[in-house]
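Please consider the model displayed below.

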Amino acid sequence: MQERFKQQGYLVHNISYPSRQYRVEKLANMVKQKVLDCCSDPERKVHFVTHSLGGILVRAMFAERTPPNMGRVVMLSPPNQGSEISDHLKDFFLYRMITGPAGQQLGTQADSIPVSLQHKPGYEIGVITGNRSFNPIYSSLIPGADDGKVGVDRARFDGMQDFLVVPHTHTFIMNSNDVISQTMLFIHTGHFQHQ
């Protein structure tokens, strides 16, 4: 995806963060500082393409104020309304070790971070999520169609402009050519191509 965006003339910054070490609030502040360090030119729009927890971090980063150079956001497989996986497994040591403190905050309860961020943002968001799973254990915990970690209906939220379901899994959704093309289309136009 990075190469495709570069070919279209975008300046791409891949921002990493220690997702297994801190709570969502601290991760959002860390990422926000990195964004400010690299992308503070008010003359250039800053667009975001996120995967999973990354979508929640963007919503948390700009919950109170949207920067003037904010562009569009494409979220890939975001738990915008939490995930039942966290509800069922948050007390298990292995799950806590794999997902860290932030993973404990991604449930579907009213006090979870994703559910508490249900305000409508001041920027355009497109959501792409999958409906294929290679994890029957996780999928058995999620009602309806899912991508192995997030239910299709849990990826939605009221503040999005467009929503697309594709036949891909949570872990590798960003590697698919159709997802890359749809992501670029939303960044360019603010909508996906629906068949």
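In this predicted model, Val24, Leu27, Ala28, Val31, Lys32 and Val35 of helix H2 make contact with Leu53, Ile56, Leu57, Ala60 and Met61 of helix H3. Sorted by class, this contact comprises 10 nonpolar residues, one charged residue and no polar residues. Two packed helices are described by the angle between their axes and the distance between the axes. Here the axes of H2 (residues 24-38) and H3 (residues 53-61) approach within 9 Å and cross at roughly 75 degrees. Angles of 65 to 115 degrees count as roughly perpendicular, and H2 and H3 are therefore roughly perpendicular to each other.

Both helices also take part in covering helix H5, which spans residues 93-103. The buried residues of H5 are Tyr95, Gly100, Ala102 and Gly103. The elements that cover these buried residues include H2, H3, helix H4 (84-89) and helix H7 (136-140).

Attention now turns to the strands. Strand S3 (residues 125-130) pairs with S4 in the parallel sense, over five bridges. Within this arrangement, Gly126 stands opposite Asp162 of S4. Strand S4, comprising residues 162-166, is mostly covered, as four of its five residues are buried.

How many salt bridges does a search of the whole structure find? The search finds four. One of them joins Arg72 to Glu124, with the closest N and O atoms 2.7 Å apart. Because Arg72 lies in strand S2 (residues 70-76) and Glu124 in the loop between helix H6 (113-116) and S3, this pair ties together parts that are 52 residues apart in sequence. Arg72 has a relative accessible area of 18% and is therefore buried, the cut-off being under 20%. Glu124, by contrast, is partly exposed, with a relative accessible area of 29%.

Another salt bridge is formed by Arg154 and Glu84, whose closest N and O atoms are 2.9 Å apart. This pair likewise links distant parts of the chain, since Arg154 belongs to helix H8 (residues 152-155) and Glu84 to helix H4, 70 residues apart. Arg154 counts as partly exposed at 24% relative accessibility, whereas Glu84 is buried, with a relative accessible area of 8%.

A further salt bridge brings together the side chains of Arg156 and Asp153, at 3.7 Å from N to O.

Notes:
Residues numbered from 1 in each chain as written. Predicted model: local features only at pLDDT ≥ 70, side-chain atom pairs only at ≥ 80, totals over all residues. Heavy atoms only, no water. Buried < 20%, exposed > 50% of the residue type's maximum accessible area, 1.4 Å probe, protein only. Helix = DSSP H or I, 4+ residues; strand = E, 2+ residues; numbered from the N terminus. Pairing = 2+ DSSP bridges. Axes fitted to C-alpha atoms, helices over the stretch in contact; angles between N-to-C directions. Parallel < 35°, antiparallel > 145°, perpendicular 65-115°, else oblique. Contact = heavy atoms within 4.5 Å. Nonpolar A, V, L, I, M, F, W, Y, C, P; charged D, E, K, R; others polar.
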